[in-house]
Amino acid sequence: MGHGGRYILDSLKTGAVDKSCYTDADLTIGSKVNVWGREVTICDMDEFTAHHYQSKFGVAKSTPIHYKQTEAAKIEREIPPYNGWGSEEDSRANCLKLIAQAPKRDFIKFMKKDRQGLDSHVLRFFARLDTNRPIDMDRTFIISFFLSDDTISVFEPEKRNSGIVHGKFIERSKIKKPSGEYYQAEDIYVGAVVNFRSHQFVIVDAD
């Protein structure tokens, strides 16, 4: 109704609403229907529906459309390379589940090999860098191997007038060999050459 109580004719039908609905004649294998703005393809029908179309429209059941993904087409999960932030186990846990969970630890081993009074269960070695650079040849390091969880830390003692900042060199964490396996206690001994995060150390002594 327009101004003044008069009716306005919509000759172009600009306000018309299409109220037509799908019927069973529109639904066949291979046809596409619009479901709330999304295009859906009909791939198959059950035996009762096929009998209905045969008796009402005289249409035999069409060949079903294959829609299931084959095993070969599935995308394998790829774990991104470790970027150095945090521990590798934590980074991997973020990729395996939507809600990350802390990696499980060997609790029994931890309780047996954790500090008990004066027994610390920590192996300590003295090492130097395997290098020919004069500035690095006199640097000494303390490598600690924690038997409770097979983690390793590297500390550089203070040396006066060296010009090198002392302190924590490698934070306590599990360290992999170049082969991809984690270092174990039997891999670190006097005379051994170990590679920690691209730094090559020569073990020269132990406490």
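## Exercises on strands and surface

β4 and β5 form a hairpin with four residues between them, and Asp150 in the turn has a positive phi of about 60°. The model is predicted, so local features need pLDDT of at least 70 and side-chain atom pairs count only at pLDDT 80 or more, while totals for chains, interfaces and linings use all residues. Residues are numbered from 1 along each chain as its sequence is written, and side-chain values use heavy atoms, with hydrogens and water left out.

**Exercise 1.** Determine how strand β5 is paired with β4 and with β6.

*Solution.* Begin with the terms: strands are DSSP runs (E, at least two residues), numbered from the N terminus, and two strands pair if DSSP finds at least two bridges between them. Strand β4 (residues 140-146) runs antiparallel to β5 and is joined to β5 by five bridges, with Ile142 opposite Phe155 in β5. Next, β5 pairs with strand β6 (residues 167-173) over four bridges, again in the antiparallel sense, and Glu156 has Gly167 in β6 as its bridge partner.

**Exercise 2.** Decide whether strand β5, His66 and Val40 are buried, partly exposed or exposed.

*Solution.* Apply the cut-offs: buried means under 20% relative accessible area, exposed over 50%, and partly exposed in between (1.4 Å probe, protein chains only). In β5 (residues 151-156), five of the six residues are buried, so this strand is largely enclosed by the rest of the structure. His66, by contrast, has a relative accessible area of 64% and is therefore exposed. Val40, which lies in strand β2 (residues 38-41), counts as partly exposed because its relative accessibility is 37%.
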